[in-house]
Amino acid sequence: MQHITILGATGSIGVSTLDVLARHPDKYKVHALTAHSKVEELAAQCAQFRPRRAVVGSAEAASQLASLLRAKDIRCDVSYGEAALCEVAAEADTVMAAIVGAAGLAPALAAARAGKKILLANKEALVMSGQLFMDAVHQNGAILLPIDSEHNAIFQSLPQSYARSPEGAGVAKIVLTASGGPFLSRAVETLEDVTPEQACKHPNWSMGRKISVDSATMMNKGLEVIEAHWLFGAPASQIDVVIHPQSVIHSMVSYVDGSVLAQLGNPDMRTPIAHALAFPERIESGVGQLDLTTIGTLQFEKPDFARFPCLALAFEALVAGGTSPALLNAANEVAVEAFLDRRIGFRDIDRVIARVMHENEHGAASSIEAVMAQDALARAAARTIVAGIAR
Ligand code: NDP
Ligand code: MG
């Protein structure tokens, strides 16, 4: 029996994870579930999965949750805040890290330091502190399995010996596929005026609002390039992005002998979640079998950096190194939130990020404190720029 903590249980990945777990009650037991504000959803999940602990974002949310659970006669230890998130991340056998944004870094790192099996959805944690995070994984014997569909596909397309000896594997390129999001073929001049609803309407995937906007700007792919760099030890020059609107090929590895290995499937996050949960075995996920004859056509094109400047900014941050990706990530989080609140336009997102990156010095990512200081600085700078252009 594997005991699992789900960080971000009420989110899109959290709900998909619970859906897979519910199919295998003989294999998995939920140790802890966490949410930030969705107290009623978390109470319903606690009623179904009976975790020992539940964690929320504030004292008020904790007392609401405790009284909802009391009313249903459910015994569960309720707490709140970052320290409690870090505790439950360090307690179970396996941790699903599915909090969105920088808030997920501290608990994911706590899981790494406690040597847990980490299923990593929270790509922002790796983007912000890649080297420090990977060091914590290696120094503490943690196991890191990627949930992001592209990285899970790459992981599946690499030999299992890759982590021990990447040099001998003969990898020429890592090829990340990207759907191109909802605005792939919309006239570029009209992007100034798109709404949050349009940006969140992803053609293939159903996801949380922040990553949906990231997909529309292609910052998501940019963050994934940085994530791939840290997960697979590949330099920026070895990572390609190819637009593939059907999202059937989830990513590929190109080898020196001309072979290309890819992982395919219907676009449903339960596949990578089930893969990582059961690895190296396989379990049913609830996802239907892929039928290529009904899909018929798979298309590919090169990304247009003028249409998607966020992708170029992410490559720039990766090459600059140090705390530059932390600057990029923090500026993006502030800009996306402002766009979702209708304070700035869609194209202002890349303008805010570019200004934060180009008007602030980055430093060495020598400690988590240095990364968090850069994150705070970038957020303050981004908020000032947003206030200047807010409409
Ligand atoms: P959602 O917005 O759907 O869910 C986010 C979860 O994090 C919720 O449980 C939310 O709680 C919780 N949360 C939000 N803010 C905080 C905070 N400050 N402190 C603690 N918990 C918080 O996001 P997704 O599930 O879409 O994405 C989660 C992560 O997985 C992201 O990093 C994303 O990039 C990554 N990912 C997602 C994919 C997808 O298909 N959705 C695919 C690949 C990667 P509450 O709801 O209670 O407020
Ligand atoms: Mg992805």
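Which residues does asparagine 220 touch, not counting residues up to four places away in sequence? They are Lys123, Ile211, Asp214 and Ser215, where contact means heavy atoms within 4.5 Å. Asparagine 220 belongs to helix H10 (residues 219–232), and it counts as buried because its relative accessibility is 7%. Here buried means under 20% relative accessible area, exposed over 50%, and partly exposed in between, using a 1.4 Å probe and protein chains only. Helices (H or I, at least four residues) and strands (E, at least two) are DSSP runs numbered from the N terminus.

A word on the ground rules. This is a predicted model, in which local features need pLDDT of at least 70 and side-chain atom pairs count only at pLDDT 80 or more, while totals for chains, interfaces and linings use all residues. Residues are numbered from 1 along each chain as its sequence is written, chains are lettered from A and ligands numbered from 1 in the order in which they are written, and side-chain values use heavy atoms, with hydrogens and water left out.

The largest nonpolar core holds 95 residues, and Phe133, Leu328, Phe346, Ile349, Ile353 and Val356 touch the most other members. Helix H14 (residues 324–340) gives the most to this core, eleven residues. Such a core is a set of buried Ala, Val, Leu, Ile, Met, Phe, Trp, Tyr and Cys residues joined through side-chain atoms within 4.5 Å. Beyond its neighbours within four places in sequence, phenylalanine 133 is in contact with Leu105, Ala108, Leu109, Leu120, Leu126 and Leu144.

Helix H16 (residues 368–389) has 22 residues and reaches 31 Å from its first C-alpha to its last, close to the 32 Å expected at 1.5 Å a residue; the expected span is 1.5 Å times one less than the number of residues. Its buried residues include Ile368, Gln374, Asp375 and Arg379. Among the elements covering the buried residues of H16 are helix H5 (105–113), helix H6 (123–139), H14 and helix H15 (348–359).

**Strand E1**

Five of the six residues of strand E1 (residues 2–7) are buried, so this strand is largely enclosed by the rest of the structure. Strands pair if DSSP finds at least two bridges between them. E1 runs parallel to strand E2 (residues 28–34), joined by five bridges, and histidine 3 has lysine 29 as its bridge partner in E2. Four bridges join E1 to strand E5 (residues 94–97), again parallel.

**Backbone details**

Most residues other than glycine have a negative phi, and most peptide bonds are trans.

| Residue | Phi | Relative accessibility |
|---|---|---|
| Aspartate 73 | near 60° | 66%, exposed |
| Methionine 218 | near 65° | 2%, buried |

Aspartate 73 sits in the loop between helix H3 (59–71) and strand E4 (77–80), and methionine 218 in the loop between helix H9 (209–217) and H10. The peptide bond from phenylalanine 279 to proline 280 is cis, with omega near 5°.
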